[in-house]
Amino acid sequence: MHPPVDPILFQLGPLSVRWYGIIMVLGIFAAASVAGRYVERKGFPNDSIWDMLVVILIPALIGARLYYVFIQSPRTEGGFGYFVENPWAIVQIWTGGIHIFGAFIFGGIAIWLYTRWRKLPLLVYLDAVGLGLPLGQAIGRLANFINQELYGPPTTLPWGLRIDPEHRIAPYNQMDLYPESIRFQPLFLYESLWNLFGFALIFWISRRFEDRLLPGDLFLLYLIWYPMGRFALEFLRTDSWFFAGTPINTVHLLSFAAVTISALILVWRHWRPRQTATA
């Protein structure tokens, strides 16, 4: 398995239009379309999601990039020192290098501010995000395929990914030990499929149990589903920074916290009314 196209779609002077950016935009618009239909079903204007997208997109991208630069890049070949020496590279997100957890933090703050400003129900809009985001992520992960990133250790599986030498990180860039015939685990594909299945599951729950769901439940389900998959896949990451002497990194801790806290809140908010009714 190998990218069938060049990462750059076309170039006009210094301006490069990359498949990475195009695929990411498609993922964002797919997520926003699903979220817009959801809030419309709840009696709110569809275009409020598109307005919110304008407000949260830049903060989310900033957060995603900053997380990569300060947390993820030390594991790459250039390391954090590359960004110290080339500060302009920090804003060059079209070359790859963003992280969803940074987007969660900055984007979440932006959503909270937007809903307060527009006097909209925060939990309903979080549900819309939790429903649409897995589909957007499933599409967006295909951009990693084009850029030959987000791969795991060597594998003999038939769907193994071929990584060109210039895209490999240590120790897999030692071509005498890992020749070009070596194939790698396509982690981007695993995560894309996990997200796609998660979207289908959360969408089904949103319709099948619509009369029993409380505002915020869909978002809690997303915060359980996505981090569970991410927690497992992090053990196979080749580009993550791990705590010394352990297979654990920051994403493991954040994922564990998200799953645990979200599950407890979900159980509590549905168990509490029944306890009150029987008291």
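**Sheet pairing, backbone exceptions and salt bridges**

L161 stands opposite F184 of strand 5. The structure is a predicted model, in which local features require pLDDT of at least 70 and side-chain atom pairs count only at pLDDT 80 or more, whereas totals for chains, interfaces and linings use all residues. Residues are numbered from 1 along each chain as its sequence is written, and side-chain values use heavy atoms, with hydrogens and water left out.

Strand 4 and strand 5 run antiparallel and are joined by 2 bridges; two strands are taken to pair if DSSP finds at least two bridges between them. Helices (H or I, at least four residues) and strands (E, at least two) are DSSP runs, numbered from the N terminus. The open sheet comprises 3 strands in the order 3-5-4, with antiparallel pairing. Strand 3 and strand 4 stand at its edges, each with a single partner strand, so one side of each has no neighbour in the sheet. In general, strands of a sheet pair through backbone hydrogen bonds, either parallel or antiparallel.

Most residues other than glycine have a negative phi, and most peptide bonds are trans. The peptide bond from A170 to P171 is cis, with omega near 5°. P171 is located in the loop between strand 4 (161-162) and strand 5 (183-184). A positive phi, near 55°, is found at K119, a residue other than glycine. K119 belongs to the loop between helix 4 (100-118) and helix 5 (122-140) and is exposed, with a relative accessible area of 73%. L150, likewise not a glycine, has a positive phi of about 55°. This residue lies in the loop between helix 6 (142-146) and strand 3 (154-155); L150 is buried, at a relative accessible area of 5%. Buried denotes under 20% relative accessible area, exposed over 50%, and partly exposed the range in between (1.4 Å probe, protein chains only).

A search of the whole structure identifies 9 salt bridges, each defined as a side-chain nitrogen of Lys or Arg within 4 Å of a carboxyl oxygen of Asp or Glu. One of them joins the side chains of R41 and E210, at 2.8 Å from N to O. R41 lies in helix 1 (residues 19-41) and E210 in the loop between helix 7 (187-208) and helix 8 (217-234), so this pair ties together parts that are 169 residues apart in sequence. R41 is partly exposed at 44% relative accessibility, and E210 is also partly exposed, with a relative accessible area of 30%.

A salt bridge also links R141 with E191, whose closest N and O atoms are 3.0 Å apart. Since R141 is situated in the loop between helix 5 and helix 6 and E191 in helix 7, the pair ties together parts 50 residues apart in sequence. R141 counts as buried at 17% relative accessibility, as does E191 at 3%. Both residues belong to a network of salt bridges that links R141, E191, R230, E234 and R237.

The side chains of R269 and D217 form a further salt bridge (2.6 Å, N to O). This pair links distant parts of the chain, with R269 in helix 9 (residues 250-278) and D217 in helix 8, 52 residues apart. Both R269 and D217 are buried.
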